[in-house]
Amino acid sequence: SELYSYTEEPELSTNRRCFEEDFHAQVQGRRWLELDGAQQKAYVMRLLDGLEVVNRDKRLKVARAILYLAQGVFGDCDNEGDVLHWSRHNSFLLYQLGTFTAFLELLNMEIDNSQACSSALRKPAISLADSTELRVLLSVMYLMVENIRVEQEADPPEWKTCRETFRMELSFPVHTEEPFALLLFTMVTKFCSGHAPHFPMKKVLLLLWKVLLFTLGGFEALQAMKVRKREELGLPPLPEDSIQVMRSMRAASPPTYSIELMEQQQQKRGHRSRRPLVKQDSLDIYNERDPFKNDEAGVDEEENDDVDSGIEGELDLMERDAIIPVMPAQRPPIERVSFPKGLPWAPKVRQKDIEHFLEASRNKFIGFTLGQDTETLIGLPRPIHESVKTLKQHKYVSISDIQIKNEEELEKCPMSLGEEEVQETPCEILYRAMLYNLPQYMIALLKILLAAAPTSKAKTDSINILADVLPEEMPITVLQSMKLGIDVNRHKEIIVKSISALLLLLLKHFKLNHIYQFEYVSQHLVFANCIPLILKFFNQNIMSYITAKNSISVLDYPHCTVYDLPELTAESLEAGDNNQFCWRNLFSCINLLRILNKLTKWKHSRTMMLVVFKSAPILKRALKVKQAMMQLYVLKLLKIQTKYLGRQWRKSNMKTMSAIYQKVRHRMNDDWAYGNDIDARPWDFQAEECTLRANIEAFNSRRYDKPQDSEFAPVDNCLQSVLGQRLELPEDFHYSYELWLEREVFSQPIRWEELLHYH
């Protein structure tokens, strides 16, 4: 349903009309659903032939008829389930007959259509009408990708092979030199450069996200790939499956509401009984009250927030229904979710941490260090032996560590190690294709994200992302204005959702494929101001963003195709649907927090950016959203900066500190909570980023720049053959040759004695 704006809704019936006019002329007195497979194929083949005509309007009519098929021939269906069933069935049929390739050619033609670009550039206001052809083409492609991508148990075997073929076709380009995703990235940059303001950006971004999801794989596929890769590298298995741990996590704040009332009744002075309805791990006893509400009123300036407590109450009730079912009184409250006793995450230790620990211990007890030796423990007291043993038990070597080490070796001895074997994965092919314009792609995505963020004020220089939502006729009545207002907000939310999702997917996949590919993307995001941009995004009332009701459920596809629309009134629009959350916005927020985590983790200079941009109060406000996954990523971002926020902050935010302790993974000798190990050396932020950049550039040039005359190529030592080679000289060489000889050779005195010095 997010593929279509509400202003596009009348086009659904246009698609139907285009299909039925043609269909009834060909097949008398029957419906699409009544045809057998062969007849359906024959009809689609005829339609595809119609795409070959020169007349643009005729082509558009045929494309609309195909879109109607992909939308599930809703004119013949009685309910939403049927529409979705036929949409899926027809998508496979269309793909098998080569529709995607035909539409790809049309899309390329439309992108290069300079006439449409120039007419859009001349218009004072761009509307839906400017992108009609592109929207039809992208919609068909999106429906095919999305329907074929999603697996269902009942899929026949030919559909499964079809899915694999399609995945290969999108990942490994055959006819062109580039994967399909690259074409969409090019559309994004062309749009942002102002050369094609009529491109329907929302559809392009949604399609790009789904194509990446299909070709690279989602998070569960990624987790499986990670497990497989660790096995191949001979690394021990992961201590836990992070997706599963996350699923069983509870939000850190129990509903204050009714529980508070119960507790007040049960409370004896100074003693508080255990709540009967908790499904949380054993460390939760401290957590009797909301851990993010401050006891010390007035200590913390960011607490007097203008959050409507009504919303919070509503959320609390919602959460209690959804996640904390009240246990019957007679059952003892010992039955818990199957959760490991203690903390949810196994602690991790890096090799570097063990080295630092031993270095400090040796300095203290022996007075000298042994570099990277972690085996020799002579002269160190017994407790240190125990500590080292514990650290080694929890040592975690990541795939990235191995990749960095291999890279160092390849840089050191390129001759003896020879060419490395690079696996041609979809991810590798995409990176190679994106490499040379990657900075532009990142800047373009962030520009659009900025324009779509709810905190952005409409500036004259910001790009217009509403080209594919504004109708030709601007609204006249209050009702139309309200409807358009909802549509515009929803449009922006969907853009934020797709950009946040595709950036996170790219970062995660590149990180697994090669750490320096990930570092290259993340460094360009940081250079393009991604960190302050995300913080700016969160500097709003996140509670109201997550409970925003920017949707009109009766107008959503497929509902609007099978049911008669009720009369829309201002009241019914204001009431919105009955969802308490806007899951789309929650998804976007979690994605953006995860991107921020990816950019700042283990990067000191970027952690300091979080401190400098005063992110702590912004992040603390985001903790009001009682959703475990979102809280986890906020707490991670707070954890990496607590030691720089000063003692007073830590003292007045002890509840937050406890939540970090309880929810975030521990690094054994990371002094995050006290900040005692901040030594006085001034950090050189530039140096950190520059070293990283040098490593990335060395990696990119070694792996992707294939030099023609490498310094390792054999040298021709024979004077005859060197002088006998024919050299291509520029045309003007003959004219200026004598002048050059005069200036550079004859007029320069030759100092023979210096020549002798060199030898």
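Analyst: A residue counts as buried under 20% relative accessible area, exposed over 50% and partly exposed in between (1.4 Å probe, protein chains only). This is a predicted model, where local features need pLDDT of at least 70, side-chain atom pairs count only at pLDDT 80 or more, and totals for chains, interfaces and linings use all residues. Residues are numbered from 1 along each chain as its sequence is written, and side-chain values use heavy atoms, without hydrogens or water.

User: Why does Leu 370 count as partly exposed?

Analyst: Leu 370 counts as partly exposed because its relative accessibility is 35%. Leu 370 sits in the loop between helix H15 (351–365) and helix H16 (382–393); helices are DSSP runs of H or I with at least four residues, numbered from the N terminus.

User: Is Arg 247 buried or exposed?

Analyst: Arg 247 is exposed, at 53% relative accessible area. Arg 247 belongs to helix H12 (residues 242–247).

User: How much space lies in the second largest pocket?

Analyst: A pocket is an open set of points on a 1 Å grid over the protein atoms alone, where a 1.4 Å probe fits, with protein on both sides within 12 Å along at least five of seven lines; lining residues have an atom within 4 Å of a point. Here the second largest pocket holds about 830 Å³. Of its 28 lining residues, Lys 229, Gln 403, Gln 423, Leu 512 and Asn 513 are the closest to the centre.

User: Which element gives the largest share of that lining?

Analyst: H17 does, with six residues. Elements giving two or more residues include helix H17 (399–412), helix H11 (219–232) and helix H21 (478–513).

Note on methods: Grid points are joined across faces, edges and corners, and a volume is the space filled by probe spheres set on the points.
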